[in-house]
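Dear colleague,

I am handing over the structure below, and my notes on it follow directly after.

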Amino acid sequence: MTKSDLTKLTAAEVGITPQQANRFLSVFIETMIEALDKGEIVYLRGLGTFKKTIIVKDCNVGMRDGKIERKPFTLAKIHFKMGVSLKKKLSK
């Protein structure tokens, strides 16, 4: 399912125009991204919990003077934990 599909379904379900539904979904997604970027945990009852985790590892980048040169590598990861309602729906 794409954002366009969600827009159409939301517009039909709520009784608003597709443009209004698209604007709502855009703001919703941007708000979630901003919250996660700030390190906040986003909890949506029935869906689940989103949390940003930062992973820092050393990475081999080459040889210098016969020694392996290592530099830190940072990776942001979004962890999603399903809510109880979603687990029940999916397990049927």
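How many helices and strands make up the secondary structure of the chain? The secondary structure comes to three helices and three strands, where helices (H or I, at least four residues) and strands (E, at least two) are DSSP runs numbered from the N terminus, and along the sequence they follow the pattern α-α-β-β-β-α.

Please bear in mind that this is a predicted model, in which local features need pLDDT of at least 70 and side-chain atom pairs count only at pLDDT 80 or more, while totals for chains, interfaces and linings use all residues. Residues are numbered from 1 along each chain as its sequence is written, and side-chain values use heavy atoms, with hydrogens and water left out.

As to overall dimensions, the C-alpha trace spans about 70 × 35 × 25 Å along its principal axes.

Helix α1 (residues 3-14) packs against helix α2 (residues 18-37) at an angle of about 120 degrees, the axes lying 8 Å apart; axes are lines fitted to C-alpha atoms, for helices over the stretch in contact, and angles run from 0 to 180 degrees between N-to-C directions. The contact (heavy atoms within 4.5 Å) is made by Lys3, Leu6, Thr7, Thr10 and Ala11 of α1 together with Pro18, Ala21, Asn22, Leu25, Ser26 and Ile29 of α2.

Threonine 10, which belongs to helix α1, is in contact with Gly15, Ala21 and Leu25 when its neighbours within four places in sequence are left aside. The side chain of threonine 10 also reaches the backbone oxygen of leucine 6 at 2.7 Å, a polar contact being a pair of N or O atoms within 3.5 Å, where within protein one must be able to donate a hydrogen and the other to accept it, and residues adjacent in sequence count only if both atoms are side-chain atoms.
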